[in-house]
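Thanks for sending this one over. Here are my notes, point by point, to read with the model open beside you.

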Amino acid sequence: MKTLLINGSPRPRGCTYTALTELKKTLEAEDIEVELLHVGHKDIHGCIACRKCHETGKCVFDDVVNEVAPKLAEADAFVIGCPVYFASPAGGAISFMDRLFFSTLGIDKTMKVGAAVVTCRRGGNTATFDVLNKYFTMTGMPVASSQYWNMVYGGSAEEVAQDAEGLQTMRTLGHNMAFMMKSFQLGKEQIGLPQKETPIFTNFHR
């Protein structure tokens, strides 16, 4: 089973990376294959709603979004990690998520496990967490929870490493994700995926 972790922070080994690394170690201990990708430092254009992706199957901006799309299709779980900027997700991470999820509407994400991991120095974590989870809840992806909201505190990687509760939350998230993935795999084999209807309203993202 595979999990794709996305570091949406501009800093390759900062607070977000530290949290995701703790999660990665836990998932690997559960025999889950993990790939951790850093995208937050990329020059990621925002979605322009041109809808070319619906014609070609990929985003018109041929960058890291198109590189990640097939990895998302293969993964059993997807995690976006992101720092807080002005009480909301960092702009690069939002541009990435907007384009990735809009351009992959043709990829069935039903029962792929989704999770958001957020980091901040002091405030804005819950608002950022709320925004990121919405990508999952509108695409049939069950959201993985932990013993607390999936967040860590610290203004540096060193401070995050001292956030004992935050790191424990990451480990609990990892165990819960592994359980969900394994359970869903059994469910798909023994029961099959849930019955789906064609969405009534599909003309969003104007």
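1. Let me start with the second largest pocket, where strand 3 gives the most to the lining, with three residues. Helix 1, strand 3 and strand 5 (113–120) each supply at least two lining residues. Helices (H or I, at least four residues) and strands (E, at least two) are DSSP runs, numbered from the N terminus. A pocket here is an open set of points on a 1 Å grid over the protein atoms alone, with protein on both sides within 12 Å along at least five of seven lines, and lining residues have an atom within 4 Å of a point.

2. A word on what you are looking at: this is a predicted model, in which local features need pLDDT of at least 70 and side-chain atom pairs count only at pLDDT 80 or more, while totals for chains, interfaces and linings use all residues. Residues are numbered from 1 along each chain as its sequence is written, and side-chain values use heavy atoms, with hydrogens and water left out.

3. Back to the second largest pocket. About 220 Å³ of space lies in it, a volume being the space filled by probe spheres set on the grid points, which are joined across faces, edges and corners. Its lining counts 16 residues, and R11, C15, P83, G154 and G155 lie nearest the centre. By type, the lining residues divide into seven nonpolar, seven polar and two charged. In this scheme Ala, Val, Leu, Ile, Met, Phe, Trp, Tyr, Cys and Pro are nonpolar, Asp, Glu, Lys and Arg are charged, and the others, Gly among them, are polar.

4. P83, one of those residues nearest the pocket centre, stands opposite T119 in strand 5. The two strands concerned, strand 3 and strand 5, pair in the parallel sense over seven bridges; strands pair if DSSP finds at least two bridges between them.

5. How many residues of strand 5 are buried? Eight of the eight are, so strand 5 is largely enclosed by the rest of the structure. Buried means under 20% relative accessible area, exposed over 50%, and partly exposed in between (1.4 Å probe, protein chains only). V113, A115, V117 and T119 point one way from the strand, while G114, A116, V118 and C120 point the other way, and all are buried.

6. Strand 1 (residues 2–7) is worth a look next. Five of its six residues are buried. Strand 1 pairs in the parallel sense with strand 2 (residues 33–38) over six bridges, with L4 bridged to E35. Strand 1 also pairs in the parallel sense with strand 3 (residues 77–85) over five bridges, with I6 bridged to I80. Strand 1, helix 1 (residues 15–29) and strand 2 make a right-handed β-α-β unit: with the strands pointing away from the viewer, the path from the first strand over the helix to the second runs clockwise.

7. N7 counts as buried because its relative accessibility is 1%. Its contacts (heavy atoms within 4.5 Å), not counting residues up to four places away in sequence, include P12, Y17, L36, H38 and G81. T3 is buried too, with a relative accessible area of 3%. Leaving aside neighbours within four places in sequence, the contacts of T3 include L27, A77, V79 and M177.

8. M177 counts as buried because its relative accessibility is 0%. Apart from residues up to four places away in sequence, M177 touches T3, L23, L27, A77, V79, V113, A115 and A144.

9. Finally, the structure holds one cavity of 30 Å³ or more, a cavity being a set of grid points where a 1.4 Å probe fits but cannot get out. About 110 Å³ of space lies in this largest cavity. Of its 15 lining residues, C47, C50, C53, C59 and F102 are the closest to the centre. Helix 4 (91–103) and helix 2 (52–56) each supply at least two residues, and the largest share, four residues, comes from helix 4. The lining divides into nine nonpolar, two polar and four charged residues.
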